[in-house]
Amino acid sequence: FNIVTFSDETAFFKPQFVNPTEQVILEGASYFSAASPHKTSGYIEKDMLEALEEVAKMHPTIIVLFSDGILTSGVPNPKEIRLTAAASPRVFAMGIEMAEDFPGAVLLDMLAHYSDGEFWLVD
């Protein structure tokens with residue numbers, strides 16, 4: 001279990017994956033509650049694919065991705081999405097506050113599809 005946030009940098013809740021004990025889940029919930037999205041003034045944000053590549057190096061069995069779908073570093077190349085997804089574990093992506101045809105939703109759906117995961121829109 002781990003939680004990863006990304007914007008101008010990728011930040012991990014724990015340096016390595018840990019067993020999801022009740023205490024760790026409570027700590028993770030606090031960490032997640034304290035995390036707040038922010039936009040930096042520069043164009044140096046980590047994009048979703050860069051964050052996934054960093055997480056994949058830790059060899060998780062699945063990735064659950066929550067996203068608002070707002071593209072911070074331009075539109076990724078569909079071929080790059082396929083390659084990243086194919087090299088990662090299954091991605092279960094949840095898009096919040098977006099329509100089905102929103103560009104970020106389309107990309108999240110592609111990422112889930114190419115990793116043999118699933119994509120859901122969440123109200």
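These legends describe close-up views of a predicted model.

**Figure 1. The ring pair of F1 and F13.** The rings of F1 and F13 form an edge-to-face aromatic pair, with 6.2 Å from centre to centre and 80° between the planes. The pair joins distant parts of the chain, 12 residues apart. F1 belongs to the segment before β1 (4-6), and F13 belongs to the loop between β2 (10-12) and α1 (22-34). F1 is partly exposed, with a relative accessible area of 30%, whereas F13 is buried, with a relative accessible area of 14%. Ring pairs also bring in Y31, giving a cluster of F1, F13 and Y31. In total, the structure holds 4 aromatic pairs.

Figure 2. K14 has its charged end over the ring of F13, 5.0 Å from the ring centre. K14 also forms a salt bridge with E27, in which the closest N and O atoms are 3.3 Å apart. Side chains of opposite charge can pair when their charged atoms come close. The count for the structure comes to 1 salt bridge.

**Figure 3. The ring pair of F92 and W120.** The ring planes of F92 and W120 are at 15°, and planes under 30 degrees apart count as stacked, so this pair is stacked. The ring centres are 6.1 Å apart. F92 sits in strand β4 (residues 90-96) and W120 in strand β5 (residues 118-122), so that the pair links distant parts of the chain, 28 residues apart. F92 counts as buried because its relative accessibility of 14% is under 20%. W120, with a relative accessible area of 35%, is partly exposed.

**Figure 4. The largest nonpolar core.** This core has 18 residues, and L65, L108 and L111 are those with the most contacts inside it. At least two residues of the core come from each of α2 (48-56), β3 (62-67), α3 (78-86), β4 and α4 (103-114). Helix α4 supplies the largest share, 6 residues.

**Figure 5. The surroundings of L65.** Leaving aside residues up to four places away in sequence, L65 touches F6, M48, V91, F92, A93, M94, L108 and L111. Two of these partners, L108 and L111, are listed with L65 among the residues with the most contacts inside the largest nonpolar core.

**Figure 6. The arginine over Y114.** R82 lies over the face of Y114, at 5.8 Å from the ring centre.

**Figure 7. The polar contact of T10.** T10 is found in strand β2 and is buried, with a relative accessible area of 16%. The side chain of T10 makes a polar contact with the side chain of E54, at 3.3 Å.

Technical notes: Residues numbered from 1 in each chain as written. Predicted model: local features only at pLDDT ≥ 70, side-chain atom pairs only at ≥ 80, totals over all residues. Heavy atoms only, no water. Phe/Tyr/Trp six-rings, centres within 6.5 Å; stacked < 30°, edge-to-face > 60°. Helix = DSSP H or I, 4+ residues; strand = E, 2+ residues; numbered from the N terminus. Buried < 20%, exposed > 50% of the residue type's maximum accessible area, 1.4 Å probe, protein only. Lys NZ or Arg CZ within 6 Å of the ring centre and 35° of its normal. Core = buried A, V, L, I, M, F, W, Y, C linked by side-chain atoms within 4.5 Å. Contact = heavy atoms within 4.5 Å. Salt bridge = Lys/Arg side-chain N within 4 Å of Asp/Glu carboxyl O. Polar contact = N/O pair within 3.5 Å; in protein donor to acceptor, adjacent residues only side chain to side chain.
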